[in-house]
Amino acid sequence: MTAVDISLIHKFLEPRLSEVAALIVSSLRSDVSLLDRTNMSVFSNPGKLLRPMLTLCAAGISGGVNDDSVHYAAATELLHNATLLHDDVVDGSDLRRGKPTVSSLLGSTAAVLLGDFWLVKALDVILGASHYSEPVVRIFGRTISQLAEGEIFQMEKSGAGDTSMDDYLRIVHSKTASLFETAVICGAISADAPERVKAALKAYAGHMGVAFQMKDDVLDYTGGEATGKPRGQDLKERKITLPLLCAFRNVSPEEEASVRDELTHDEDAGSMAARVRDFVLGHEGIEGAETIIAEEIALATECISTLPASDWKDRLSALAGFVGERAE
């Protein structure tokens with residue numbers, strides 16, 4: 001299988017993707033110099049812009065990209081970055097995309113306030129759409145609620161050490177897949193897509209978003225400097241994610257209980273994380289997780305199989321493939 005070149009999808013989506021970036025920049029401008037400098041610094045390291053690309057592709061396959069599509073695409077990226085700014089405070093992260101986090105440079109108070117600013121600007125951008133649709137605001141509001149619920153539920157389960165596969169799937173849908181779904185649904189709404197197209201795109205994005213978070217969780221075990229964040233952070237925060245759940249399938253209930261107990265009660269988080277990582281690597285946790293990720297990607301592409309053939313459909317399939325193979 002040929003590797004997905006994400007830059008080619010960027011090129012396909014120009015000039016609309018540049019319009020999205022320009023709208024984000026203009027929305028973030030402030031006459032408070034510290035706020036303005038920090039906003040521009042954060043957006044100068046934007047990542048792959050995956051969620052805005054999903055919005056544009058969903059609009060394209062639904063009838064065509066328009067100015068409303070651009071507004072909704074910008075709003076998804078603003079919301080995504082708002083959550084990252086908050087996550088870095090919650091997780092105590094020093095790095096994001098290989099660069100120091102706002103919380104590590106300016107402190108947690110500044111990072112929370114900046115995240116709030118980006119969140120409000122996401123709503124402002126939605127309201128600035130020329131054919132503003134009230135359902136889009138409701139969708140974004142529901143997604144913000146799901147994001148918060150997913151993070152808090154994960155905190156609750158991390159403290160108890162009893163995360164099941166069903167718990168894990170609830171967490172990854174709430175904290176990651178929900179925003180992927182929002183990205184495509186809002187793109188479809190901007191192009192007046194029929195309900196069957198919206199349903200297909202939502203199902204596609206749900207599986208793709210789950211796969212994206214699952215891949216993130218694998219990279220927490222296998223990644224390094226290339227991922228732009230420290231390896232083993234989830235374990236240090238006592239989070240039970242897919243690789244560990246897959247490793248549990250290959251051991252006795254007694255051994256699983258012992259690992260869960262160590263994860264929850266060992267006071268030396270660093271040494272505990274190293275031991276649990278060795279456990280996962282030694283019991284095919286990564287291989288099991290990669291199999292599930294491949295299944296989710298296959299389901300994502302199957303969900304849009306009934307949509308008419310087009311360049312837009314090809315790009316949606318390629319984006320799903322990129323999620324499955326990414327290394328950062």
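Arg 196 counts as exposed because its relative accessibility is 53%, where exposed means over 50% relative accessible area, buried under 20% and partly exposed in between, with a 1.4 Å probe and protein chains only. Arg 196 is found in helix α10. Arg 196 and Thr 176 are 20 residues apart in sequence, and their C-alpha atoms are 23 Å apart in space.

The model is predicted: local features need pLDDT of at least 70 and side-chain atom pairs count only at pLDDT 80 or more, while totals for chains, interfaces and linings use all residues. Residues are numbered from 1 along each chain as its sequence is written, and side-chain values use heavy atoms, with hydrogens and water left out. Helices (H or I, at least four residues) and strands (E, at least two) are DSSP runs, numbered from the N terminus.

Two packed helices are described by the angle between their axes and the distance between the axes. Here the axes are lines fitted to C-alpha atoms, for helices over the stretch in contact, and angles run from 0 to 180 degrees between N-to-C directions.

The axes of α4 and α10 (residues 195-222) come within 11 Å and cross at roughly 160°. The two helices are therefore roughly antiparallel; angles over 145 degrees count as roughly antiparallel, under 35 as roughly parallel, 65 to 115 as roughly perpendicular and the rest as oblique. The crossing of α4 and α10 is right-handed. A crossing is right-handed if the near helix is turned clockwise from the far one by less than a right angle, and left-handed if anticlockwise.

On the α4 side, the contact (heavy atoms within 4.5 Å) is made by Leu 50, Arg 51, Leu 54, Ala 58, Ile 61 and Ser 62. On the α10 side, the residues are Val 197, Leu 201, Tyr 204, Met 208 and Phe 212. By class, the contact of α4 with α10 has nine nonpolar, one polar and one charged residues. Ala, Val, Leu, Ile, Met, Phe, Trp, Tyr, Cys and Pro count as nonpolar, Asp, Glu, Lys and Arg as charged, and the others, Gly among them, as polar.

## Helix α10 against helix α16

Helix α10 also packs with helix α16 (residues 311-325), at an angle of about 20° and with the axes 8 Å apart. This angle makes α10 roughly parallel to α16. The crossing of α10 and α16 is left-handed.

From α10, the contact includes Leu 201, Tyr 204, Met 208, Ala 211, Phe 212 and Lys 215. From α16 come Leu 316, Leu 319, Ala 320, Val 323, Gly 324 and Glu 325. These residues divide into nine nonpolar, one polar and two charged.

Phe 212 is in helix α10 and is buried, with a relative accessible area of 13%. Leaving aside neighbours within four places in sequence, Phe 212 is in contact with Leu 50, Arg 51, Thr 176, Phe 180, Val 323 and Arg 326. Phe 212 and Glu 325 are 113 residues apart along the chain, yet their C-alpha atoms are separated by 9.8 Å.

Thr 143 is found in helix α8 (residues 134-160) and is buried, with a relative accessible area of 1%. Not counting residues up to four places away in sequence, Thr 143 touches Leu 79, Ser 178, Leu 179 and Thr 182.

## Backbone features in loops

Most residues other than glycine have a negative phi, and most peptide bonds are trans. A cis peptide bond joins Glu 14 and Pro 15, with omega at about 5°. Pro 15 lies in the loop between α1 (6-13) and α2 (16-28).

Leu 49 is not a glycine but has a positive phi of about 55°. Leu 49 lies in the loop between α3 (33-43) and α4 (50-62) and counts as buried at 13% relative accessibility. Arg 238, also not a glycine, has a positive phi of about 65°. The place of Arg 238 is the loop between α11 (233-236) and α12 (242-248), and Arg 238 counts as buried at 18% relative accessibility.

## Cysteines

A disulfide is a pair of cysteine sulfur atoms within 2.5 Å. By this rule the model has zero disulfides. Cys 57 is in no disulfide, and the nearest cysteine sulfur, that of Cys 186, is 15 Å away. Cys 57 is buried, with a relative accessible area of 0%. Cys 246 is buried as well, with a relative accessible area of 3%.
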